[in-house]
Amino acid sequence: MDNTKKQTTLDPFVEGGFLDAWITYISSAHPDIWKSSPNMVKAMGVTILSALSKTLIPFTKTIPCNIFLLIIGPGMTGKSTLLSYADDFNIPILSGTPEYLAQDLSEKKWGIITCDEIHAILKNVKRRGYMSEWPDLIKQAFYSQSLRMGRKTTQSVFLPKNSYYTCLVSATTDEDILK
């Protein structure tokens, strides 16, 4: 493989690189998803690659970018299926309430935050429900800012700036995001 090639876009792929292998993997496991939504497959592959690159931080001393990916498409097109593939790469999957998410991040220090059907969280935020702190937490996580989550009954969580790294992948349909 020619090491002088640099991939700067989703097309064309470096032959034999991660995204090439990812597309081969998905197109054989789920040809229907690849055929109907190739850009969705490519974007999820880039997100997985970004998450995996976070394991190299102690060796390279460089901090890879955080990626926040919102997959919007019709129902039954494989959005949720693609979200589940991060498990195949032993990437920590982080999800749940803001308090649980902060606790999980404090223990694992990296991973992909997943949120299938993000419109449900946004509805809860509008009602000032138990997920109302979620957008602020996600914004802080994107910038790797320090996180503080105070708790009354259990131990509080504090994460110093740049001590954790994450990507966010969420999915919804066209109709639900507009509600």
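Visitor: Leaving aside neighbours within four places in sequence, which residues is Asp104 in contact with?
Guide: Those are Ile93, Leu94 and Lys109, where contact means heavy atoms within 4.5 Å. This is a predicted model, so local features need pLDDT of at least 70 and side-chain atom pairs count only at pLDDT 80 or more, while totals for chains, interfaces and linings use all residues. Residues are numbered from 1 along each chain as its sequence is written, and side-chain values use heavy atoms, with hydrogens and water left out.

Visitor: Okay, and is Asp104 buried or exposed?
Guide: Asp104 counts as buried because its relative accessibility is 5%; buried is under 20% relative accessible area, exposed over 50% and partly exposed in between, with a 1.4 Å probe and protein chains only. Asp104 sits in helix 6 (residues 98-108). Helices (H or I, at least four residues) and strands (E, at least two) are DSSP runs numbered from the N terminus.

Visitor: New topic: how many aromatic pairs are there?
Guide: Seven. Rings of Phe, Tyr and Trp (its six-membered ring) pair if their centres lie within 6.5 Å; planes under 30 degrees apart are stacked, over 60 edge-to-face and the rest tilted.

Visitor: Why is the pair of Trp22 and Tyr85 edge-to-face? And is Trp22 buried or exposed?
Guide: Trp22 is buried, at 2% relative accessible area. Its ring and that of Tyr85 have planes at 85° and centres 6.0 Å apart, so the pair is edge-to-face. That pair links distant parts of the chain, 63 residues apart.

Visitor: Which aromatic cluster do they belong to?
Guide: One formed by Phe18, Trp22, Tyr25, Tyr85 and Phe89.
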